Amino acid sequence: MSLRKMFRLFHTVRHLKTEQLIYRLYYRFVKVRLTENREYGQRPWLSTWSSSELLPSRMLARGSFEFLGEQGDLKDKDSWNDPLKSKLWLYNLHYLDDLNAVGAELRREGHKNLIERWIAENPPAIGNGWEPYPLSLRIVNLVKWFSRQDVVEPAWLKSLGLQAQALYKQLEFHILGNHLFANAKALVFAGAFLDGDEAQKWLQKGLQILDREIPEQLLPDGGHFELSPMYHAILLGDMCDLLNLAECSGLSVLRKRVPGWHEVVNRGLTWLTVMSHPDGRIAFFNDAAFGIAPDPEANKAYASSLGCDAGQASPRNPRGDQKVSLRWLENSGYCRVELSDGNVALLDLARIGPDYLPAHGHADTLSFELSLFGRRVFVNSGTSQYGEDVERQRQRSTAAHNTVVVDGEASSEMWGGFRVARRAYPSTPCFAESAESVVVVASHGGYKRLRGKAIHQRSWTFTPRSLAIHDLITGNFESAEARFHLHPDVSIDRSHFSDCQLLLLPGSEKPISFGVQGAESMELVESTWHPKFGVSVPNICIAVKFKGHDLTTRIEWGSDT
């Protein structure tokens with residue numbers, strides 16, 4: 001291993017918790033052994049599972065599926081671990097999410113066949129389906145589906161017990177975060193559905209982990225600590241499932257936790273509202289895409305059915321005469337600025353995630369997204385894939401976001417598919433508010449690792465119909481470039497390209513002016529936007545090179561009246 005790679009690895013590993021390191025070694029040497037001759041009974045529940053169908057069906061026909069924009073057939077037992085499919089595609093196949101997708105009751109016989117195929121074609125502890133994360137999601141799906149059936153076959157209960165055994169013996173303490181949360185939730189579901197001493201042990205272990213992880217992962221401002229709106233929405237759905245399980249099962253050990261879980265969900269709903277665009281969908285910071293987590297409205301409807309209430313997210317310093325207002329999510333580090341006519345900006349003043357778990361982080365510090373006239377105009381690039389290839393690296397890079405690239409480097413040192421070495425830490429932001437304007441100022445030292453020790457400071461100045469962005473780079477550097485990614489629907493007149501441009505939204509007669517001062521050059525770069533996994537949509541990036549140490553960008557959308 002080269003000295004550079006060793007240095008990078010050191011700056012990655014040094015942030016891990018001792019618990020993560022111990023379990024990485026433990027699972028390297030321990031083999032999962034299951035007791036296959038046990039029989040399992042079923043606990044009596046107060047009611048069968050009933051909830052909103054949050055995700056669309058991915059089953060095209062019996063034995064045919066579409067995940068991540070790619071179709072595939074379940075032809076035979078080998079298809080469950082098809083080497084020609086990506087790991088994530090196979091994981092999705094093993095989740096059995098379709099058991100509880102939209103219109104699931106219409107596919108009951110197909111689902112019965114799918115479950116029996118999974119049991120017959122996936123022998124215990126062999127293949128992708130027996131890894132802890134797919135085990136976790138599938139166990140929950142099976143419990144929900146089983147609870148709705150008039151008769152639950154003994155073979156189904158036995159398989160569920162074996163799966164819970166396997167999960168219990170390989171909990172993801174080496175990863176933590178949303179993975180460990182999913183493990184704990186699955187143990188609680190299995191322990192609440194199956195009867196007996198072993199099931200009680202799973203229930204207690206799952207609750208023990210949840211009691212530890214809920215305060216750790218779900219921040220006081222409502223956000224999930226991995227700082228991805230997509231994973232936040234997933235965890236919010238998980239919390240709603242736990243509330244629902246407490247109602248259906250009637251178990252006192254769950255019901256006594258309901259008041260605290262309600263509070264967590266209410267805060268999470270408010271956070272989700274703040275981090276959504278006027279189109280009602282999430283912003284793209286860190287790993288984020290549509291179609292993986294329930295949409296905000298679906299999550300809100302589900303939570304409402306369980307007695308939760310999002311309330312209203314209040315401006316930081318509310319004033320009745322404000323035309324521009326600020327909402328600051330202090331614990332997670334994001335900021336929402338609401339402008340006249342429902343226009344919205346979302347600013348990333350956040351760390352990339354917990355130091356010990358930056359796996360879903362992007363090098364997007366001090367980036368922003370902007371919606372005008374109810375439409376997204378400036379967008380971060382989103383996420384279309386996981387893995388370790390060049391495209392995954394590009395989508396995590398600073399250049400794929402609306403912020404500044406110095407000397408061609410990312411603000412945080414991304415590598416592999418989910419790793420980060422040296423990373424950007426934002427300063428505590430400063431705010432100035434009046435009835436007519438909001439100013440937000442922050443900086444980060446992610447580029448101090450470079451030879452010139454550069455620091456990027458960015459200020460956003462908002463009025464009801466304009467945004468001025470001032471970028472200042474202190475220290476030494478060879479090049480600096482601000483990048484502004486346009487939503488694919490936004491067009492620009494290439495024939496009259498200059499330092500001041502008009503941007504147009506389809507069907508709108510309201511032009512948007514984009515101009516810069518302090519630029520050496522400005523060019524249009526062909527890029528791609530990734531609203532879903534497996535989807536790449538061509539878009540335009542405006543790339544502006546600094547002439548000196550500072551650059552001012554001004555965006556206007558009508559006169560201030």
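**Contacts, burial and salt bridges in a predicted model**

Q: Which residues is Asn178 in contact with, leaving aside its neighbours within four places in sequence?
A: This is a predicted model, in which local features need pLDDT of at least 70 and side-chain atom pairs count only at pLDDT 80 or more, while totals for chains, interfaces and linings use all residues. Residues are numbered from 1 along each chain as its sequence is written, and side-chain values use heavy atoms, with hydrogens and water left out. With contact taken as heavy atoms within 4.5 Å, and with neighbours within four places in sequence left aside, the partners of Asn178 are Tyr133, Gln217, His224, Glu226, Tyr231, Leu235 and His360.

Q: Is Asn178 buried or exposed?
A: Asn178 lies in helix 7, residues 177-193, where helices (H or I, at least four residues) and strands (E, at least two) are DSSP runs numbered from the N terminus. Buried means under 20% relative accessible area, exposed over 50%, and partly exposed in between, with a 1.4 Å probe and protein chains only. Because its relative accessibility is 4%, Asn178 counts as buried.

Q: What is the length of the polar contact that joins the side chains of Asn178 and Glu226?
A: A polar contact is a pair of N or O atoms within 3.5 Å; within protein, one must be able to donate a hydrogen and the other to accept it, and residues adjacent in sequence count only if both atoms are side-chain atoms. The side chains of Asn178 and Glu226 are joined by such a contact, at 2.8 Å.

Q: How many residues apart are Asp341 and Arg465?
A: A salt bridge is a side-chain nitrogen of Lys or Arg within 4 Å of a carboxyl oxygen of Asp or Glu, and the side chains of Asp341 and Arg465 meet in one at 2.8 Å, N to O. The pair links distant parts of the chain, with Asp341 in the loop between strand 7 (334-338) and strand 8, and Arg465 in the loop between strand 16 (455-463) and strand 17 (466-474), the two being 124 residues apart.

Q: Which counts as exposed, Asp341 or another residue of its pair?
A: Arg465 has a relative accessible area of 18%, and is therefore buried. At 55% relative accessibility, the residue that counts as exposed is Asp341.

Q: Where is Leu366 found?
A: Leu366 has a positive phi of about 65°, although it is not a glycine. Its relative accessibility is 0%, so Leu366 counts as buried. Leu366 is found in the loop between strand 8 (344-348) and strand 9 (368-372).
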